[in-house]
Structures are given as structure tokens and as C-alpha cells.
Amino acid sequence: MRRLRALEPLAWVGPAVVLIALVVLWPVIEMIRSSFLKISRFGVVQGSNGFANYDKLFGEKDFADIMVRSVIWVVAVVAFTVLISLALAQLFNQRFPLRKLARWALIAPWAASVLMTAIIFKWMLDPEVGVINQIRLKLGLIDAMGGASADQLGDASTAMPWLVFVAVFVSVPFTTYALLAGLATIPADVYEAATMDGAGRFRTYWSITLPLLRPALTVAALINVMNVFNSFPIIWAMTHGQPGYSTATSTILMFILKGSNIGESAAMSVVNFGMVIVLTVIFLKVSRWNKEVA
């Protein structure tokens with residue numbers, strides 16, 4: 001009976017462990033194994049390929065630029081998302097007329113399909129009939145921004161800022177709500193004590209709100225780092241990583257390679273997986289997530 005009771009927790013934990021093994025561990029193992037195989041474009045395994053897939057991947061002329069762009073993409077989107085969300089969370093934490101309606105409106109970009117949002121923005125940026133081009137025309141900014149036929153998504157210098165904007169647009173709602181939940185856990189008496197000590201708004205926010213908000217901020221930012229690094233629909237729907245590979249990230253390259261060399265695509269997946277782990281570790285180190293708030 002004692003042995004049966006000792007094994008009783010497995011009845012509760014076991015299904016979760018099996019699910020994690022099937023959904024997470026097995027695909028990772030298969031991904032790594034596939035990166036060392038020679039696989040035809042039709043998915044037929046033709047034997048071992050050693051490190052040839054990695055050699056070919058690292059030999060791609062655009063590989064280094066794409067990896068650097070992927071890191072810049074993540075840093076830019078997450079940084080802007082966190083800064084905007086901090087401001088919105090502070091705003092929505094105040095009492096004002098129609099606050100509940102404003103909070104509901106904030107959910108819309110998050111509730112909508114990311115792919116649908118990206119396609120809508122692509123239509124809006126159409127060089128001929130897009131509403132954004134029409135606004136530029138009304139404001140007299142056409143000549144200053146490349147003329148009436150200028151394609152904002154046709155050049156990396158203008159496409160990347162728009163891609164970052166759309167990524168931030170769909171990321172802000174979740175991050176804002178995560179921070180709102182964090183603000184709700186801060187005791188009111190802490191602010192009362194700060195007021196009695198004569199602390200101003202900025203001092204109170206910097207010394208009390210931000211430190212106590214750090215757990216929620218860390219979780220929200222970390223989820224954003226992983227989501228943005230693996231983001232595919234926004235860039236693919238709006239630019240396909242073009243022109244050339246000038247707007248492609250590692251995830252886009254992985255998908256493109258799949259059409260011609262599955263083994264090389266698997267190698268890119270392994271590199272991508274490793275990059276996510278490295279970025280996550282760096283973020284946790286910088287954020288000092290395991291340090292207690294003084």
C-alpha cells in the first residue's frame with residue numbers, strides 16, 4: 001500500500017509528462033536527427049549526410065546577415081512593445097470614463113488573427129490603392145516618400161520599420177494585460193507610505209512600481225522574446241522576406257530552405273532553436289529574474 005501511495009502522484013503528473021514528451025521532446029529529437037540526414041525535396045530519406053547540411057547552411061551568403069537581422073528584429077520589437085505597454089498599463093490602471101470599453105478595445109489586435117492583421121496592413125500599404133498611400137497623398141508627403149508609385153514594402157529600409165510596427169501592434173495587448181495584472185498585485189499601502197515620505201510621481205514609479213512589477217515584466221518580455229524570434233506570419237504575409245533576403249529572419253530562411261533542401265532546413269531549425277535558448281538565457285541573466293526585490 002505504501003508503494004502504491006508513493007506512485008499515486010504519477011497518476012496526476014504522468015499524462016502531462018507524456019504530453020510534453022510527445023509534443024516537445026520528440027519533435028526536437030527528430031529535428032536534430034533530420035539535420036544530419038540527406039532528405040529529398042519530397043521527404044525521402046537518402047541516408048546520413050554528416051555535417052554537410054550545416055556546412056551548406058553556414059556557407060549561404062546571406063546567412064550571417066539574416067542572423068544579425070533576426071537579433072535586431074527581436075530586440076526592436078520587444079523593446080518597443082515593453083515601453084509602450086508600460087505606458088498603457090499605467091494609463092489603464094487609472095480610473096477614467098469608459099475605461100472598461102478602452103480595455104476591451106485593446107484586446108482587438110490580440111484577438112484577431114496575426115496573419116489576417118499582416119495581410120490587412122499589406123493592403124493598406126499598397127503603392128497604388130492603399131489607404132496609407134492615400135493619406136500620404138492628402139498630406140502632401142508623396143514626393144518626400146518616394147513618389148506615388150513608391151512601394152513601402154519593396155525596399156528593406158522602409159519595409160523593416162513597418163514589419164516592426166505590425167509586430168509591436170499585435171504584441172502590445174498581451175504585454176499590457178500582463179503588466180496590468182502585475183500592477184494589481186502591488187499593495188496600495190506601499191504608495192501611501194511613499195506619499196507620506198514625500199516621494200514624487202517619477203520617484204514612486206522608478207523606486208516602487210518598476211521593482212515590484214519586475215516579475216510580471218520579466219514573464220511578459222520573455223514570452224515576447226520567444227514569440228517574436230519564431231514569428232513567421234507577419235514577415236511572410238507582408239514581404240516573403242524580399243526583396244532578396246533583405247527582410248528575412250531565420251524563421252523565414254528555414255521555411256524557404258524547406259522547399260529545396262529539407263536537411264538544410266532542419267539544420268536551420270536547430271540553429272534557430274539554439275538561438276532562442278541563448279537569447280532566453282541572456283535575457284534572464286540581464287533581467288536578474290531570480291533576485292529578490294529589495
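What percentage of the 294 residues of the protein count as buried? In this predicted model, 37% of the 294 residues fall into that class.

**View 1. Overall architecture of the protein.** The secondary structure consists of twelve helices and two strands. Starting at the N terminus, the order of elements is α-β-β-α-α-α-α-α-α-α-α-α-α-α. The C-alpha trace extends over about 80 × 75 × 30 Å along its principal axes.

**View 2. A nonpolar surface patch and its residue Val 23.** The patch on the surface is formed by Val 18, Leu 19, Ile 20, Leu 22, Val 23, Val 24, Leu 25 and Ile 29. Together these residues present about 760 Å² of accessible area. Val 23 lies in helix α1, which covers residues 2-34. The relative accessible area of Val 23 is 54%, so this residue is classed as exposed, the cut-off for that class being over 50%.

**View 3. Packing of helices α4 and α7.** Helix α4 (residues 99-111) packs with helix α7 (residues 156-184) at an angle of about 135°, and the two axes are 7 Å apart. The pair is therefore oblique, since roughly antiparallel would require an angle over 145 degrees. The crossing in which α4 passes α7 is left-handed.

**View 4. Packing of helices α11 and α12.** Helix α11 spans residues 250-258 and helix α12 spans residues 262-287. Their axes cross at roughly 165° and come within 7 Å. These two helices are therefore roughly antiparallel to each other, as angles over 145 degrees are assigned to that class. A left-handed crossing is found for α11 and α12.

Note on methods:
Residues numbered from 1 in each chain as written. Predicted model: local features only at pLDDT ≥ 70, side-chain atom pairs only at ≥ 80, totals over all residues. Heavy atoms only, no water. Patch = residues over 30% accessible without salt bridge, like charges linked within 9 Å, V, L, I, M, F, W, Y side chains within 5 Å. Areas by Shrake-Rupley, 256 points an atom, 1.4 Å probe, with all protein chains shown as cover. Salt bridge = Lys/Arg side-chain N within 4 Å of Asp/Glu carboxyl O. Helix = DSSP H or I, 4+ residues; strand = E, 2+ residues; numbered from the N terminus. Buried < 20%, exposed > 50% of the residue type's maximum accessible area, 1.4 Å probe, protein only. Axes fitted to C-alpha atoms, helices over the stretch in contact; angles between N-to-C directions. Parallel < 35°, antiparallel > 145°, perpendicular 65-115°, else oblique. Left-handed = near helix turned anticlockwise from the far one by under 90°.
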